[in-house]
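I opened the model to look up the ligand's surroundings and the aromatic rings. My notes follow in the order of looking.

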Amino acid sequence: MLIRKPDSIASSEITPERVYVSRRHFARSLALGAGGALALSSGMSRASLTDRELDNSLELTPEGIITSYNNFYEFGTGKDDPKKYAHEMTIDPWQVKVTGAVAKPGTYDIEELLDGIAVEERIYRLRCVEAWSMVVPWMGFSLKALLDRLQPLGKAKYVEFHTLHRPSEMRGQRSFFSGIDWPYVEGLRLDEAYHPLATMAVGLYGKPLPNQNGAPWRLVVPWKYGFKSVKSIVEIRLTERQPKTTWNLLQPSEYGFYANVNPAVDHPRWSQAMERRLPSTLFSPNRVPTLPFNGYAEEVAGLYAGMDLRRHY
Ligand code: MTE
């Protein structure tokens, strides 16, 4: 993954966060409208938010940064490319193929898959392997709710996700410089996928997901490096074998399949002990220590009991 030069986000781009913070005290949620468009409605569930998650370490990153400082190589390798070009991607209609070891394979409209699933606000840290991080108020639901609907067969051990491959609308896929064998693929072990923190996000800051953040839906795995959180998903495949994932294929010595956030295991080219929590600029740096499993060790460490996390990075 490329390391970009230090970010310099103009303060004019930053949405006054206190406006949102005060607004989110009101009940709200995302629901599917009749036409399939995501719309705001009342009755948000905050069941997933613990007191700990609402403490000061989770001060929200301003919306203007979350939606303008992105990694989405399908639109270019610059942090500002996704915001500039992702509007070229058509997200309606959006079909999703469900394949592999599953009782309900088929091609579905996203509305069918989302129908009846309750969406709630989930505030999680996002830690990129490049050593920057954000705190994002996602709108989403547990991946488990979706998997239960698709019914993985007993022999399924992993779940694999594919991003849209549409070079006509994704200029990064037309470029010879990315080196990526499209589509972007990520995956989880099935027990990881069933963990309540593994989230399918359809929005952020109480609004539908912007294209640059992975519209119309994406994965969010808060205890893993951000590259596991694959965007704009069009295929979900249940497999018996560990998926061949994009960054692992590209640089196996640098990006593992597990990619659990781990301050004790450095990337071969830089330390993972600290992170730049955005907003953080050259003149006003905001460096914070990186936490094991990105601060979610209490919840997820048990998934890796007995595993050598240096070997399975
Ligand atoms: N998904 C796709 N399809 N393509 C990408 O390039 N980048 C990943 C992940 N998902 C990426 C992707 C990386 S490296 C990170 S850190 C997060 O998306 C960034 O998510 P954000 O731009 O919403 O902050």
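Predicted model: local features only at pLDDT ≥ 70, side-chain atom pairs only at ≥ 80, totals over all residues.

Entry 1, ligand. I started with Ser 229, where a backbone N or O atom lies 2.9 Å from a nitrogen atom of the ligand. I count a polar contact as a pair of N or O atoms within 3.5 Å; within protein, one must be able to donate a hydrogen and the other to accept it, and residues adjacent in sequence count only if both atoms are side-chain atoms. Next I looked at Arg 218, which has a polar side-chain atom 2.7 Å from an oxygen atom of the ligand. For Lys 231 I found a polar side-chain atom 2.7 Å from an oxygen atom of the ligand. On its own the ligand has 530 Å² of accessible area, and the protein covers 99% of that (Shrake-Rupley method, 1.4 Å probe; for residues, only the protein chains shown count as cover).

I then listed the 18 residues around the ligand, of which Tyr 73, Glu 74, Thr 163, Arg 218 and Lys 231 come nearest. A residue is near if one of its heavy atoms lies within 4 Å of the molecule or strand.

Residues are numbered from 1 along each chain as its sequence is written, and side-chain values use heavy atoms, with hydrogens and water left out.

I find ten aromatic pairs in the structure. Rings of Phe, Tyr and Trp (its six-membered ring) pair if their centres lie within 6.5 Å; planes under 30 degrees apart count as stacked, over 60 as edge-to-face and the rest as tilted. Tyr 69 and Trp 132 form an edge-to-face pair, 5.1 Å centre to centre with 85° between the planes. Tyr 69 is buried, at a relative accessible area of 5%, and Trp 132 is buried, also at 5% (buried is under 20%, exposed over 50%, partly exposed in between; 1.4 Å probe, protein chains only).

I also checked Tyr 258 and Tyr 304: their ring centres are 6.1 Å apart and their planes at 85°, so this pair is edge-to-face. Both Tyr 258 and Tyr 304 are buried.

Lys 228 lies over the face of Phe 257, 4.1 Å from the ring centre. The charged end of Arg 171 sits over the ring of Tyr 85, 3.9 Å from its centre. The criterion is NZ of Lys or CZ of Arg within 6 Å of the ring centre and within 35 degrees of the ring normal.
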